[in-house]
Amino acid sequence: MSVLDAERLHTVYRLLLAEYGPQHWWPGDSPFEVMVGAILTQNTAWTNVERGLERLCDRIPLQARAILSLPADELAECLRPVGYFNVKSKRLRAFCRAYLEAGGLDGLRALETEELRRWLLRVHGIGPETADDILLYAFERPVFVVDAYTGRIFERLGMLAGNPGYEAIRHGFETALGRDVPLFNEYHALIVRHGKTLCRRTRPLCARCCLRESCPAG
DNA sequence: TACCAGGAGAAAA
DNA sequence: TTTTCTCATGGT
């Protein structure tokens, strides 16, 4: 049973913010760069994404038409440091085609949040987490991003149980916290920061975890 | 050396 | 419908 109540979630947020400080996400100069980064960072460390973006931007401007103008194999070669470069080359091209067909940034901005989310999920290579990354960090829509760290950390805190699934967890956070874009932005970034630092599967259960002494789960 | 990373889609059961 | 497999470079 899940117990994602507002008070406990805010307590965890305050602890994380006190421990790590503001994370200033997303690291991208434009909404389009955020969207590209969201696709490239799937199951990949951000440092690898930065290398790939740098190689890509050395060749072309970071624009949908320019990306599509690159032959698929050359795009993949640019993306080699990212990992999964053949897969991500196809996904990025699919996104760029859909993006242009939808009328670019203005066309997508005109869509209501749920409509935009459905549009994103229809694009090859964009699943729930990537769609929500894009909604929150590129379009500033009040959508909470759930990732593997979220499930891992809040299960350990006793606030999630029984593998409730992506949508249920997302709904739980959004219901408890309200539609607060700055809070969602910082909270997800802090979860990732904490997860990277202390909560890998192979490490002891939050041995030095900043949440341990003040664990909202008691 | 082995494990993991800011997942998603295809294939198999 | 649910579970398992595949994609891949770079850091720890």
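**Reading contacts, burial and DNA surfaces in a predicted model**

Analyst: Leaving out residues up to four places away in sequence, Phe184 touches Leu136, Pro142, Val143 and Phe144.

User: Where does Phe184 lie, and is Phe184 buried or exposed?

Analyst: Phe184 lies in helix 12. Burial is read from a count of neighbours: Phe184 has 24 C-beta neighbours inside 10 Å, so Phe184 counts as buried. A distance between two C-alpha atoms is a separate reading. Phe184 and Glu174 are 10 residues apart in sequence, and their C-alpha atoms are 8.6 Å apart in space.

User: How much confidence does the model carry along chain A?

Analyst: The mean pLDDT of chain A is 91, with 90% of the residues at 70 or more. Residues 201-208 fall below 50, and this stretch has eight contacts in the model beyond near neighbours in sequence. Residues 213-218 also stay under 50, with nine contacts beyond four places in sequence.

User: How many helices and strands does chain A have?

Analyst: Chain A has 12 helices and zero strands. For the chain as a whole, 33% of the 218 residues count as buried. Contact range gives another view: among contacts between residues at least 6 apart in sequence, 68% join residues at least 24 apart.

User: Which domains does the assignment give for chain A, and how far apart are their centres?

Analyst: The assignment gives domain 1 as 6-24 + 144-198 and domain 2 as 31-138. Their C-alpha centres lie 25 Å apart. Where the two domains meet, seven residues of domain 1 are in contact with six residues of domain 2. Helix 12, residues 181-198, provides the largest share of the domain 1 side, three residues. By class, that side has five nonpolar, one polar and one charged residues.

User: How should I read a nonpolar core, and which residues have the most contacts inside the largest one?

Analyst: In soluble globular proteins, nonpolar side chains tend to be buried together. Here the largest nonpolar core has 52 residues, and those with the most contacts inside it are Met35, Ile39, Leu79, Leu92, Phe95, Ile134 and Leu135. The largest share of this core, six residues, comes from helix 9. Domain 1 and domain 2 each supply at least three residues of this core. For one member, set aside the neighbours within four places in sequence: Ile134 is then in contact with Val34, Met35, Ala38, Leu120 and Phe139.

User: What does helix 9 give to the surface near DNA strand B?

Analyst: Helix 9 gives the most to that surface, with four residues. Helix 12 also supplies at least two residues there. There are 27 residues around DNA strand B, of which Gln42, Asn43, Trp46, Gly127 and Thr130 come nearest. By class, this surface has 11 nonpolar, 10 polar and six charged residues.

User: Which element gives the most to the surface near DNA strand C?

Analyst: Helix 6 does, with three residues. Residues around DNA strand C include Asn43, Arg80, Tyr84 and Phe85. Helix 3 (46-59) and helix 6 (85-101) are the elements that give two or more residues to this surface. Its classes are five nonpolar, six polar and one charged residues.

User: What backbone feature does Asn43 show, and what does Tyr84 show?

Analyst: Asn43 has a positive phi of about 50° although it is not a glycine. Asn43 sits in the loop between helix 2 and helix 3, and is exposed, with 8 other C-beta atoms within 10 Å. Tyr84, also not a glycine, has a positive phi of about 45°. Tyr84 sits in the loop between helix 5 (72-78) and helix 6, and is partly exposed, with 16 other C-beta atoms within 10 Å.

User: Which residues does a cis peptide bond join?

Analyst: The bond joins Trp25 and Trp26, with omega about 0°. Trp26 is found in the loop between helix 1 (6-20) and helix 2 (31-40).

Notes:
Residues are numbered from 1 along each chain as its sequence is written. Chains are lettered from A and ligands numbered from 1 in the order in which they are written. This is a predicted model: local features need pLDDT of at least 70, side-chain atom pairs count only at pLDDT 80 or more; totals for chains, interfaces and linings use all residues. Domain bounds come from an automatic or database domain assignment. Ala, Val, Leu, Ile, Met, Phe, Trp, Tyr, Cys and Pro count as nonpolar, Asp, Glu, Lys and Arg as charged, and the others, Gly among them, as polar. A residue is near a molecule or strand if its C-beta atom, placed from the backbone, lies within 6 Å of it. pLDDT is the predictor's confidence in each residue, from 0 to 100. A residue is buried if 20 or more other C-beta atoms lie within 10 Å of its own, exposed if 12 or fewer, and partly exposed in between; C-beta atoms are placed from the backbone. A nonpolar core is a set of buried Ala, Val, Leu, Ile, Met, Phe, Trp, Tyr and Cys residues joined through C-beta atoms within 7 Å.
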